[in-house]
Structures are given as structure tokens and as C-alpha cells.
Amino acid sequence: MTVYMEDNRMKILMTTDTVGGVWTYSLELCKALNEHNIEVHLAAMGAWPTAEQEREASKMANIVLYKSDYKLEWMQDPWEDLEKAHKWIASIYQTIHPDVVHFNNYAHIENFWSCPIVTVYHSCVQTWWQAVKGTSAPSAWSRYTALVKDSLNTSDIVVSPTKAILEKAVRVHNVKSPTDVIYNGRELEFSEEVEKENFILCMGRIWDEAKNLSLLSRIAKNLPWPVYIAGNNVNPNTGKEVEIENVRFLGELSSEEAWNMMQRAAIFASPTKYEPFGLAILEAAKAGCALALSNIETLKELWSSAASFFDPENPEDTEKEILQLIEDKEYREVMAKKAQSQSEAYNLQKMGSEYAALYKRLIVSRKTDINQLIPSL
């Protein structure tokens, strides 16, 4: 086993995916870990990285990027790809001999791996299904669920971005491994002060049940401000564009375009039914938006008194809370400042320090365990 020493660079093998928020999380964490002299071998799956994603990774001196288009475990019929990905990750492991393996997905762990294994529980189909559908996922997901449970319970530690989602994971998957909570962090640099405009910004696909944007579409016509939705409005099932009164669809935005809209928006709304953390909400808070959020446990944990909360199942309650932010400028500005202040707690330096400390603690613990197995001479 490669043992980390103070004068050597720690080496992490980390998995990521290129089709969701885990990519942003991974790059932000890599950026933070560079301050701790940690080299990251980043294995990307889900789809080939875009040119923009490759440029993002290439800017960081501590990243070695490995590219693939292997399916992720939640995708349709992924099993052949998962077996190939398993061998691919094992070959990277044997080539680089990392100090720690950090999984951002769920994978079977090889018995010959001698370093500590960290699995970060970002989300899963079972907890999604329970939050969105109100019941357990159907039996078609049994094999997937078994993989998630095995991955979590064969890891040295399971980390999650909120206590609320971790508690759900422990309950649903009967997690026996040690656990920890490390809040996500985000670093954004806004080039100039942008004057707030009278509109409400949301992000997501209109047909996504979890994002629950259909709730806002039902009340948009009653609001004095327009609702802007950053996301595709073409339904993949019908191929038709969705049109809603007082709702303006912005399509898919680049990171820079999204940040610009957040700087301009006076209110950011998220009626989501399922959100383990919510990087877009954090970005909006840093951009000085007043937050109107669904009152689910994870968002209440993170934003507490720094957001206006509503029942995501109740259009009348949602309309009431958003109208209060619209009509009371003083209240809106106070809430925006509270959100921006709270966002400072979720910073890159803290996230990087906590993960670096966790890695070191696991390495020392593993080394101690190995030494105890060796009889003294």
C-alpha cells in the first residue's frame, strides 16, 4: 500500500460523472484539494466529457483526467458497461497505486485494494422514488438497489452533503459503515455588481418530476413578475415545446450564462421534491438572490432562516410565499442578504480541508490496522 507521508503528495483515485451536478462537485473539490497538495486521478463516466468539461479539468494542475462513456448504474441496462468500468477502474488503481479511492458513484470494491475507500452518497433511485412518488422503487430496480447497498456497506466510510439525506440513505440501505457529513462548497467570482431585475429564476427541465417546476407553471399567471426557467422545454417523450403563460424558457445555459442570470434575478425559486444538496441554490444565494424554496428536510437544514419556505405540494402556499417576496422589497432584500451570508458557510476551503483531513485520518487508521497485524520482532 502507498502510505502518505508529510513530504509526499497524496494521490486520490476519484470517480465522477459528466451528466449531472457531480461533475461540478468533483471539479470544485479537486480545486480545493490542490491547496492540500493532493493529486487527483479523475475517472469520468456517463458520457464522453464535452470540450468545455475537458477545458475545465485541464485548467487544474492536480487533475489527471481519464475519459469514458461507460453507463452509470442508474441508466437503462447498464450492467455490461458496469463490468467494463469495474475493470477499467481496477486497472487505473493498479497503475497509480492511490492512497485513497473516492467513489462518487456506486461500485463493487475489489478485495485486493489495500487503501481506504470513501463513497460519497449524493443520491440514489430509492430515496428519489420515495420523495417523488411516495413509495419504494419497483422491483425492476432491485439489482441496482443491491449494488448501492453493497457499495455503501463495503466502504471504509460513507460521506454525504447533508445530514437529512444521509439519514435517509442509512435507513433505506441499512448502512453499517461509519458515516460523516461534509457540506458541499462552491467558489464563484462575479466580475462586477449587477443590478437586480424583477423576475423569478428557476432551473431544471419542466417535465422532471423531482424538480416539480410544473407547480410554478400553475401559478405563474397569477404573479406580477415573469418566471424564467433555465432548461430545455422540449418534452423528450412528445418532441413538442412546452408553452406556459408568464413563463419564459431560456434553454440550456452555459455556466457563465447561468451565473449572469442569477446575478440579475431578484428571486430564485426551487419547488423541488428531492434535493440532496442543491448547488444551483447555493450559486443563486452567492449571487444575492432571495430564495423561495420547498420545505423539504435537506433545504431546511442548509438554509434555515435564510430562505422563504413553501409546501411543494400546495400551489396556494407557494404563491403566497413568492408574492410576499415580490411585494415587500425590504423583506426581499433582507432575505437576499441572509441567503448570501449563509452561503459563506458552504465554501471551498472548508470542504477541501474536511476531505483532506478525512483522507489522512483513514490512511493513518489503515496503516495502524496493518501494523497491528504484523507481530513485533
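In what order do the strands of the open sheet stand, and with which pairing?

1. The open sheet has 6 strands in the order 10-9-8-11-12-13, with parallel pairing. Strands (E, at least two residues) and helices (H or I, at least four) are DSSP runs, numbered from the N terminus. Two strands count as paired if DSSP finds at least two bridges between them. Strand 10 and strand 13 (308-310) are at the edges with a single partner strand each, so one side of each has no neighbour in the sheet. From one strand to the next, the twist averages 25 degrees.

2. The model is predicted: local features need pLDDT of at least 70 and side-chain atom pairs count only at pLDDT 80 or more, while totals for chains, interfaces and linings use all residues. Residues are numbered from 1 along each chain as its sequence is written, and side-chain values use heavy atoms, with hydrogens and water left out.

3. Strand 9 pairs in the parallel sense with strand 8 (residues 197-203) over 4 bridges, and Ala 230 in strand 9 has Met 203 opposite. With strand 10 (residues 247-251), strand 9 also pairs in the parallel sense over 4 bridges; here Ile 229 stands opposite Phe 249.

4. Strand 9 is covered on both faces: Val 227 and Ile 229 are buried on one side, Tyr 228 and Ala 230 on the other. Buried means under 20% relative accessible area, exposed over 50%, and partly exposed in between (1.4 Å probe, protein chains only).

5. Strand 8, helix 7 and strand 9 form a right-handed β-α-β unit. Right-handed means that, with the strands pointing away from the viewer, the path from the first strand over the helix to the second runs clockwise.

6. Ala 220 lies in the loop between helix 7 (213-219) and strand 9 (227-230). Ala 220 is buried, at a relative accessible area of 0%. Leaving aside residues up to four places away in sequence, Ala 220 touches Val 227, Glu 245, Asn 246 and Val 247, where contact means heavy atoms within 4.5 Å. Glu 245 is 25 residues from Ala 220 along the chain, and their C-alpha atoms are separated by 6.9 Å.

7. Helix 12 (residues 329-343) lies across strand 11, strand 12 and strand 13, at about 80 degrees to strand 12. Such angles run from 0 to 180 degrees between N-to-C directions, with axes fitted to C-alpha atoms, for helices over the stretch in contact.
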